[in-house]
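Please examine the arrangement of secondary-structure elements in the following model.

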Amino acid sequence: MYQYDKFDQQLVDERVAEFRDQVERRLSGELSEEHFRPLRLMNGLYLQLHAYMLRVAIPYGTLSGPQMRMLAHIARKYDRDYGHFTTRQNIQYNWIKLEETPDLLADLASVEMHAIQTSGNCIRNISSDQFAGVAADEVADPRPWAELLRQWSSFHPEFSFLPRKFKIAVIASEQDRAAMRLHDIGIQLVRNEAGELGAKFFVGGGMGRTPMIAPEIRDFVPADDLISYSEACMRVYNRYGRRDNKYKARIKILVHELGADEYRRQVEEEFAHIKTLNLDPPLAELERITALFGEPAYDTAAPDDIDLSHPGFTAWVKQNVSAHKQAGYAIVSISLKPVGGIPGDATSAQMDLMADLAERYSMDELRVTHSQNIVLPYVRKADLFDLWQQLDAAGLGSANIDLIGDIIACPGLDYCTLANARSIPLALKISEKFADPEKQRDLGELKLKISGCINACGHHHAGHIGILGVDRKGVENYQLLLGGSGAEDVSLGKITGPGFDEDGVVAALERVTDFYRKQRQDGERFLDTYRRLGMEPFKEVIYA
Amino acid sequence: MPDILNFRDRAPSEEASVSLDAFLDQSNANAVKIEPGEDARLLLPMLDRISLVEVSFPVFGDGRGYSAARILREAGYTGELRGSGEILVDQINFLRRCGFDSFAPQTPLSPAAVDRALSQFSEVYQATGDGRSPVWALRHG
């Protein structure tokens, strides 16, 4: 994986010093909260309902064992012994004291980590495919491109006061595991006819109150134009994105209002100009970064079969283990969705254990997924059984990846100042209702996503089944959506009709899944059945 | 007029800038002020007669002026480029990198704080045309 050189380390250390100074000025009263706000936000520090919340960047979701151990240390030392992995592959801590944040950031910097631009109206942490580098279906590892973009976007002087936040995802497979087209910019690495690697740009996707699927803006951006082209996309947005209304300020609204063709025309015109300015790093820089992500030393003699005689282990392998490009190896997804647990939460002890297991079984590397789980990307098939036993003993053995129990949920009204409704208690109730693993497996792939307000941090638009919490005359009310997808078959869910109270939405969910079980044809997932039948018959059973 | 924070090797212009509309209408003005929604590119045909472009920041969070500044510098403008309005010390470094070389902050900034802000980061990650070598250039000499 990427390793800082002296420049990267120096910049992160200097940022810690800068933030220390800013916090001191705030604590002394020299800086008002109004003027401190944008500064702390660009460092991922939010003032939430009960305390400060700090979001730490995990670039493209990749981290090492020592970095995961540091995340555990931070939870133990500065928070209440746990952290929350997010849908943008980051981690959040909910109970942070302002005066301790400079020391916390210094601890992070000691393992090449930071909280730079994890909030604010700037380019946020770049996300990617959690299987990057090990997926059998990728054209290349997307992370070197994401790292190049990370460096370009860090402290970018022109694009630090954008109309609104800005999220970029980079993938390199046809299969989309990162909800790429629901980002402000989605990049898919592709090869052209000459076999050269380039980037297909999709611009103007997003969720929130106006969900949009990003249209394709350019089918191939060569590697040595990547920065110029990104700069052109950003400049058109910075100049013309709406600033009169916070809710219309994301780039998706600009692209939608201009139309993809006109936005593309403006970007191409800007690009033709910017390309003359020599802003692109030489290809040697991408090569330098790519070399750091080089192939690990695989054991080429590793046996390629798995003993599936233990039923619990077999169920876990079937659900949580994915194909690896290297024979003898597997990709393991660790579910952070135990029955009755808060989706995405992990205790310090669990983080330490995952770090230990990564060191022992996965070349000391882990990934965070946008569905709030953890991946061990380099596990020898021969080690799977031992690994599973240790995970299971620590409450990390849930065999439910992509099943109904693998719920994405935002923090909701339990923590968040924006929320209208609680997400976590509802997620817990649903996970308990569908706790039976047999029942979950029988339902098959079913992506359930819960947001506690219209801002859609819980990706409810992209859920096969989505739930949106709203405030209806002072009472929490939950709307049900069907038919969304954040994968390569991307689509936006549709609201079924009037909302429900908490128990009502759980009951409606049961009616929907029962109806699916009766209606499904050979091998159909829930989403396939919904797409074949349409909304009407589902509505009939929901509101019968 | 507030005190001018000057980074040029000559004294800041004392001319009063006129609005973009007024400037485009009159051929004898050589100081112009542009507001966030205005297109800096309208000035490009006239750069050789401009000695001061003032870019207004009514609120610090409106970042359109950063793009305006770069567009002018990229087109070869070498005259004074002044940021005015809500100019805060924590934005000075970004503004300088985009080509601003003087400031008229509505609330005066402490010179010590400005110096500290400008020396906080020893290197930069991206090229912006401000003459600084980005980290990638240092890596590949």
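The paragraphs below treat a sheet with its packed helices, then a helix pair.

This is a predicted model, in which local features need pLDDT of at least 70 and side-chain atom pairs count only at pLDDT 80 or more, while totals for chains, interfaces and linings use all residues. Residues are numbered from 1 along each chain as its sequence is written, and chains are lettered from A and ligands numbered from 1 in the order in which they are written.

In chain A, an open antiparallel sheet has five strands in the order β3-β14-β15-β12-β11 (strands are DSSP E runs of at least two residues, helices H or I runs of at least four, numbered from the N terminus; pairing requires at least two DSSP bridges). Because β3 (62-64) and β11 (321-323) of chain A each have a single partner strand, they stand at the edges, and one side of each is left without a neighbour in the sheet. From one strand to the next, the twist averages 35° (angles run from 0 to 180 degrees between N-to-C directions, with axes fitted to C-alpha atoms, for helices over the stretch in contact).

Helix α3 (residues 65-78) of chain A packs on this sheet, touching β3 and β14 of chain A, and its direction makes about 90° with that of β3(A) (contact means C-beta atoms, placed from the backbone, within 7 Å). Helix α12 (residues 384-393) of chain A lies across β11, β12 (329-334) and β15 of chain A, at about 10° to β12(A).

Elsewhere, the axes of α6 (residues 226-240) and α8 (residues 260-274) of chain A come within 8 Å and cross at roughly 125°. The angle therefore makes α6(A) oblique to α8(A) (under 35 degrees counts as roughly parallel, over 145 as roughly antiparallel, 65 to 115 as roughly perpendicular and the rest as oblique). Residues making the contact include Tyr229(A) of α6(A) and Phe271(A) of α8(A).

Definitions and conventions: Two residues are in contact if their C-beta atoms, placed from the backbone, lie within 7 Å.
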